[in-house]
Amino acid sequence: MTSYWAAHAWLPNGCQPGVSFDVQDGRFAHVLVGVEPGTDQEILGGVTLPGLANGHSHAFHRGLRGRTHAGGGSFWTWRQQMYTLAARLDPDSYLSLARAVFVEMVQAGYTVVGEFHYLHHDQGGRPYADPNAMGHALIQAATEAGIRLTLLDACYLAGGLSAAGHLPLDPVQRRFSDGDVDHWHSRLDLLGDLDQVRIGAAVHSVRAVPAGAFNKIYESAGERPLHVHLSEQPAENAATRAFYGRTPTELLDDHGLLGPRTTAVHATHLSDTDIKALGGTQTSACFCPTTERDLADGIGPARQLADSGSRLTLGSDQQAVIDPFEELRGLEMHERLVTGERGRFTPSDLIMTASEAGYRSLGWPEGGRIADGALADFVVLRSDSVRTAGADPEQIAYAATATDVDQVVIGGQVIVRDGRHRLGSPAELLTATLDQLGMA
Ligand SMILES: [Zn+2]
């Protein structure tokens with residue numbers, strides 16, 4: 001057992017001074033507020049936050065950072081560059097890239113990641129000898145990096161959607177597809193939970209999965225989380241309306257896919273009816289502000305979704321930025337730009353979105369808060385850096401960046417100390433792996 005005393009810590013009822021807690025068998029115990037430090041306690045300066053969830057990640061997209069900005073373009077031209085990278089990866093390079101990216105995430109303060117996984121098969125689209133070779137590479141990468149993982153294994157069956165229906169897969173997309181929903185289900189069935197790994201399911205999008213497959217995917221997910229990319233781009237809405245006569249949200253709702261276990265990723269271009277449907281079913285909405293601005297997606301109706309009953313979560317998605325504070329602030333700052341008002345979300349709203357709501361959406365309802373019995377995941381932020389000096393502890397997340405993370409504890413294990421991950425420098429790991437891929 002380790003006993004800690006935090007100068008300030010975020011508890012479910014807000015930021016509190018003088019918080020004492022124990023970590024026993026990977027869980028918090030004896031959380032007390034307003035106490036003096038004991039002589040046998042480890043002292044945590046700065047501000048201690050609950051573990052932070054990265055609700056939506058494609059680890060390998062990290063290889064594209066800083067390489068896709070020449071020549072303008074759109075989401076769709078960026079996607080072609082992503083496909084070129086996807087075509088190169090194999091289980092070994094996938095493991096080494098994902099491990100480096102997960103180390104970067106933990107050092108930035110993420111303690112759990114939802115990896116939305118669709119790169120399944122070999123370069124010809126054939127299953128590897130282990131049909132989950134790529135999924136197992138992600139599991140190994142997360143385990144070595146010390147981060148909790150929810151592997152959201154995505155069903156991907158079609159190359160896109162037009163007014164005339166779904167399109168055939170192009171050559172690289174064959175790596176993503178199991179051919180039909182039954183083969184996807186059989187492969188998913190081979191994956192199992194581990195101590196720090198949980199398996200979830202995903203519908204890649206209404207573009208990549210015909211509605212006829214939805215029921216089977218929903219049944220296969222069972223009690224596990226179910227994630228789906230939703231209305232990131234107006235073109236998806238237009239094609240779905242043209243072919244089905246419904247919005248993507250309506251289409252999912254028609255098939256019973258919305259609900260508290262479901263997370264809609266992006267949810268950028270929504271009608272008022274869509275917002276009511278998502279909120280009314282308590283579907284979570286995962287916003288990815290740094291990706292949505294990078295890919296010129298637009299700004300989704302975050303406050304309206306929250307007001308209608310959706311739980312908001314946050315993700316780094318394509319890894320243009322890996323910084324939970326930048327995402328958390330992005331949610332509020334984008335709202336400010338759209339509405340002309342400050343304080344659309346309170347500091348508590350933002351911390352809850354970044355922590356407990358994200359854990360719940362990823363199938364870890366027992367985590368994301370500093371409370372007796374909860375998973376002992378926490379992040380200590382420095383309050384004496386050039387960015388954070390003088391910040392009110394309650395407002396520090398508006399000032400901090402990933403660089404201000406001093407310590408990260410996951411399941412009671414210290415993974416980052418003095419700002420350094422136990423596996424060493426993520427920059428060195430990333431440079432080595434990107435070099436091998438001919439990208440450094
Ligand atoms: Zn995504």
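Along the chain, the donors of the zinc ion are spaced H-x1-H-x170-H-x87-D. Helices (H or I, at least four residues) and strands (E, at least two) are DSSP runs, numbered from the N terminus.

Which protein atoms are the donors of the zinc ion? They are H56 (NE2), H58 (NE2), H229 (NE2) and D317 (OD), at 2.0 to 2.7 Å. Donors are N, O and S atoms within 2.8 Å of the metal (3.2 Å for Na, K and Ca); water is not among the atoms, so sites may look incomplete. The angles among the four donor atoms run from 83 to 172°, and the site is irregular. Four donors would count as tetrahedral with all angles between 85 and 135 degrees; four count as square planar and six as octahedral if opposite donors are over 155 degrees apart and all others between 65 and 115; anything else is irregular.

## About the model

This is a predicted model: local features need pLDDT of at least 70, side-chain atom pairs need pLDDT 80 or more, and totals for chains, interfaces and linings use all residues. Residues are numbered from 1 along each chain as its sequence is written, and side-chain values use heavy atoms, without hydrogens or water.

## Helix α2 and α14

Helix α2 (residues 91-108) packs against helix α14 (residues 426-436) at about 155°, with axes 9 Å apart. Axes are lines fitted to C-alpha atoms, for helices over the stretch in contact, and angles run from 0 to 180 degrees between N-to-C directions. The two helices are therefore roughly antiparallel (over 145 degrees; under 35 is roughly parallel, 65 to 115 roughly perpendicular, the rest oblique).

Residues of α2 in this contact (heavy atoms within 4.5 Å) include L97 and V101. Among their partners in α14 are L429 and L430. The contact residues divide into eight nonpolar, five polar and one charged. Ala, Val, Leu, Ile, Met, Phe, Trp, Tyr, Cys and Pro count as nonpolar, Asp, Glu, Lys and Arg as charged, and the others, Gly among them, as polar.

## Helix α2 and α3

α2 also packs with helix α3 (residues 133-145), at about 35° and with axes 8 Å apart. F102 and V106 are among the α2 residues here, and M134 and L138 among those of α3. This contact has 14 nonpolar, one polar and two charged residues.
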